[in-house]
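Please have the sequence and the structure open while reading.

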Amino acid sequence: MFKRIWRILEAWRLGRMLMLAVITGSTAYGFGASLPQALRAAAIAALLALGGFYLDYLADWRKDRDSGKLLNPLATGELSIPAAWAFVVIGVGGSLALAFLASPLMALPVLGVVAIVGGLGIGWLDTPVLRAFSLGAIQSLYVLTGGLAAGKASLGVWLTALYLFFAMTGGKIMGDVRDLPHDTRAGTLTIPQKYGLRWASTFLLINELLAYAVALSVYFVGALGRGYLYCILLIILSGMVINIIFVRQPTPRTADITNKLSFIGLGSLYILGMILGRL
């Protein structure tokens, strides 16, 4: 039984949940939260990610099954629908409870993430561009959760949320190109399919440049220290290289590689920047 649950969680890409948790916790720490407050923010993010991802799986399992995108445990039959709903209830309910106990305001970004995932699932936000904006908005809400865990919604917190909004909105293009064969079979219309790879690449670059500009502004308004600045400069340099590699050869294989490099490499630099940038 426990091996089966672990296999399901592993297929669900446990690393994504952990990364969101550490990003949220490090954001809280960077903006002045104590270690217990930062750990609580990380726990809220981990539970929210658990509930949100399984809610997304419930919405997409038929399409994933038909398209052959078998990372969804519901599409492979490894997990039953009632069990998936149990993960949703545990994740969403647990994150809301922890957030509300810390501060009623912290429940707002948690509810925002649930609303966006639900809106995508029922089709209200299910358009190529809105899906990209939704991914950016979800990541920005995790940042706001971290900021509120530190007891503040300062200019620096809002700018950091905006930075990750642009970064993840643009990064959605890589995910769309990576999943192009599956989306084509499932009939899911994405930005590269509707507008073409050239326009999609332009959309990516514009959002990434905006992200870099906003990320630098976090330092120049005095929200975080030099350690953050050095990490952001590394993010900009590495990100530009990753983007150029993708734009020069926007294939599903290249997109898979660049998407992982962005998620792991740039995400780790962000976390390090938050820790080192604490004033």
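## Helices α2 and α13

The axes of α2 and helix α13 (residues 252-276) come within 8 Å of each other and cross at roughly 25°. Axes here are lines fitted to C-alpha atoms, for helices over the stretch in contact, and angles run from 0 to 180 degrees between N-to-C directions. The angle makes α2 roughly parallel to α13 (under 35 degrees is roughly parallel, over 145 roughly antiparallel, 65 to 115 roughly perpendicular, and the rest oblique). The crossing is left-handed, a term used if the near helix is turned anticlockwise from the far one by less than a right angle; clockwise is right-handed.

Residues in the contact (heavy atoms within 4.5 Å) include Gly15, Met19 and Ile23 of α2 and Phe263, Gly267 and Ile271 of α13. By class, this contact has 10 nonpolar, six polar and one charged residues. Ala, Val, Leu, Ile, Met, Phe, Trp, Tyr, Cys and Pro count as nonpolar, Asp, Glu, Lys and Arg as charged, and the others, Gly among them, as polar.

## Basis of the model

The model is predicted: local features need pLDDT of at least 70, side-chain atom pairs count only at pLDDT 80 or more, and totals for chains, interfaces and linings use all residues. Residues are numbered from 1 along each chain as its sequence is written, and side-chain values use heavy atoms, with hydrogens and water left out. Helices (H or I, at least four residues) and strands (E, at least two) are DSSP runs, numbered from the N terminus.

## Helices α7 and α8

Helix α7 (residues 128-149) and helix α8 (residues 155-178) have axes that come within 7 Å and cross at roughly 150°. This makes α7 roughly antiparallel to α8. Their crossing is right-handed. Among the contact residues are Phe133, Leu144 and Gly147 of α7 and Trp158, Phe165 and Lys172 of α8. The contact has 12 nonpolar, six polar and two charged residues.

## Gly15 and Thr190

Gly15 lies in helix α2 (residues 14-30) and is partly exposed, with a relative accessible area of 40%. Thr190 is in the loop between α9 (180-186) and α10 (191-195), and counts as buried at 2% relative accessibility. Buried means under 20% relative accessible area, exposed over 50%, and partly exposed in between (1.4 Å probe, protein chains only). Leaving aside neighbours within four places in sequence, Thr190 contacts Pro128, Arg131, Asp176, Leu180 and Asp183.
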